[in-house]
Amino acid sequence: MLSIFIVFASSAVFGIDFGSEYIKVGMALPGKSVHIALNQQSKRLSPSYFAFWNNSNPRNSNVDGHWDLKDLTNCSWAFLDAAKSHTNRFPSNGVKGLSPLLENIHGFKRREIIALVLRHLISTVDDGNWKPETATIVFTVEPVFPYEERIAIMEAVKLTNATLAAIIDSPTAAANVYGLEKRSLFADKPKTVIFLDIGSTHTWAALFKFTQVKDKQDIEELAVSYNYSLGGNLIDDKVANLLMNQFYAKHKIEIKTEREIRQFYEEARRAKELLSINENVDIKMEDIIDDYSLNYKLERSEFEGMISEFNESLRNLIEDVVSKAQLSLDQVDSIELLGGTTRVPFVKKSIMHISHMNKLNRTMNSDEAMALGATYVGAAISGAFIVKTVKTKPFALINSSLILGNGERKPIFDALSRTTEKPVLLLTVEQCRQPMQIVSGENDTLLQTVVLSFNEDQSDTDEVQLRFGFNSISVPTLVNATVFNGKKRVRIIRTDPDWKLDNEQLLYSHQFIKKMDNILRRRRKIQQLRNDFESYLYKIKDKLEYDESFKEVTSPNEKKQIIALIDEDMKWFEETAKPSSKNITKKHSELKKLTREPEIRAEQAKKRDPAFKKLNSTLNTVFNSLNATWPMFRPWLPEKKVENLWTLYNSTVQWFEEKWKLQAQASPFDNPVVMAYEIDNKQKGIEKLYNQLKNMEKPKEKKKPVKKPAKAVNQTQANQTQTNQTRLDSSETNHTDENKTIDKVPATETEAGQNEVTDSQNHDVNIEEKPIETDKEL
């Protein structure tokens, strides 16, 4: 994985690959490389499901029009895995996948559903450390994803309250990952690579040329081909129909309901995955309808025979992309497989047969490459990270035109145009006075209406230059308009099409999503409070039955009161369907108040004896050092500090004996005389002063000054010098003896120590060679 350097990171970058079956989320975070985020179940793939239902009637939760705000309190909803599980039980309550984004479904605008799913994903991946408001998103979509749906994604991200940095197509995302992470594969010479993605509902192939130019990667998209009827679901259809026919042949019962059909499709997908690694798979479906079941053994050979037509469609796709690039198959260096369906052995064999290659590559993670590529693009755009920019020139792939006011059509981009191009149309002012429309696709879907605001004196014959380009979400737009050979800008007035959300609709959707968030937050809070309270109820109940230390310190009256309150609370939980957070908190507090003192007594009973023993051990160590070790081996310690330690020692011993005696006399039902933390504080206090003296280094002796040799003198002077020197040596010797006497503990201090020892003995503490005898009492 390529590492990136962080300049400034106040937000996370998310790369979103929103597939028809699964959602993959890439992340760029402070201090980490680009990686795939784990969801709440610690999985890298999240089912792309959303479910919504009426609590009173989950089997019939359909509604005419849009759900009302007041309906939300009586409804529930789920995301991803939970939504998939609910949808398997109640198919009409579920919504799967990303597209079509412009439709209204199950009482929602689909853009609202995508916004809800995105908010949930961002809020829950990476251990829930991020909020949508701090997220920067890059979406990756299929090569010919309609422009109007790209705009709808932009609206969905706006409802999420996140920032949309870009929308890129899947081939561009895959090429980014290859260009950044697999540079060694084309470092020595250029390499042509086909990326082949066989998804659930579609298949595309893109041919790229990778070249290393010094430290930069030159990535050229040569061709893209796609088939939106070829995908893994085609295989699922074949297997599911086989199983339904087998069931009918055995029981003469037709499969009709959506729930029953879904069961067969789920089993078909499971069989497809198992046949990628096994020669056969045993299919066992229990209680499909009442007690009727199906057992069937599917061989790989039978499976491959059913999907043989897949081979021809795949051949046409690969040959088409090579032909568009004006190359031959023998000029292609490798094929990189993407998408889960490429793991099916028959599909791999077909690709090898078509391409005449002995080996197919999967150097990138086939399921996650697009999400990672989108994340790299987002990291480069955000400015928060230093990441090598990979420049690509994707094809537009979709035709777009400008329809003039008189109905005349002016082509802007075609399928082979590059999204980096900025073509110019030359028109007259007269042609541009009426509203003009930018349209795209085979159905001329309206993207935007533009009106140019000319001066009143502008001549109709003046030439107007209209410059077009692609915006950040890869949608064609009018960049600017100028007159007089580009010297004067003309103001552009833009109007959105009716299928876009207007301000009123956006506001309502914002309010709707916000209320759903608030309700969900309250429900989660109540559920957490409920779980905590129930857990505490059973915890105290278990303590009263099995925890001997708790039972010893709980009086009969306390036990009676606690059991009565627990029984009352459990009955309340059973009878109250929707308890409020206020009532749960109140009842939890009442029980905690009743059990607080017994819990403290039980806790202190466990901690107090070890704390007393530790303090006792420290006192023994301090006494032995003061009384025996230090006078002999560390006589140079400062008298004042030694005296302070003796004083602290004696006061601590006295405190120890008093607390120990009072605690021993107390009833187990009484509150503690002394808390464990108080004993610990006493132990730490004397230990700190003791360690200061223990770690004190011996002072260094001063060196004697070296005398210079005297000049030559007569005998009388020499004799006098000898006499002086002898007196000096004698004086130094006496001074040294004095110093030694001072370094020792003075007699008066020793006597004081003995007096203190006598005091200690009055508290039954042996101060000779044995440790403090409170140990045997402990």
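In strand E24, which residue is the bridge partner of methionine 436? In this predicted model, the partner is valine 450, and the pair belongs to the contact between strand E23 (residues 436-440) and strand E24 (residues 445-453), which run antiparallel and are joined by 5 bridges.

Both strands are part of an open sheet of 5 strands, arranged in the order E21-E20-E23-E24-E28 with antiparallel pairing. At the edges of this sheet stand strand E21 (409-413) and strand E28 (491-495), each of which pairs on one side only. On average, and with direction ignored, neighbouring strands of the sheet are turned by 25 degrees against each other. E20 and E21 together form a hairpin with 5 residues between them, and in the turn glycine 407 has a positive phi of about 90 degrees.

A further open sheet is formed by 4 strands in the order E15-E14-E13-E18, and here the pairing is mixed. Strand E15 (216-227) and strand E18 (334-338) each have a single partner strand and stand at the edges, so one side of each is left without a neighbour in the sheet. Neighbouring strands of this sheet are turned against each other by 20 degrees on average, again with direction ignored. A parallel pairing over 5 bridges connects strand E13 (residues 191-198) with E18, and in that pairing the bridge partner of valine 193 is serine 334 of E18.

Turning to charged side chains, the number of salt bridges, counted as a side-chain nitrogen of Lys or Arg within 4 Å of a carboxyl oxygen of Asp or Glu, comes to 30. One of the salt bridges is formed by the side chains of glutamate 21 and lysine 96, with an N to O distance of 2.7 Å. This pair links distant parts of the chain, given that glutamate 21 lies in the loop between strand E2 (12-18) and strand E3 (22-28), whereas lysine 96 lies in strand E8 (residues 94-96), 75 residues apart.

Methods: Residues are numbered from 1 along each chain as its sequence is written. This is a predicted model: local features need pLDDT of at least 70, side-chain atom pairs count only at pLDDT 80 or more; totals for chains, interfaces and linings use all residues. Side-chain values use heavy atoms; hydrogens and water are left out. Two strands pair if DSSP finds at least two bridges between them. Helices (H or I, at least four residues) and strands (E, at least two) are DSSP runs, numbered from the N terminus. Axes are lines fitted to C-alpha atoms, for helices over the stretch in contact, and angles run from 0 to 180 degrees between N-to-C directions.
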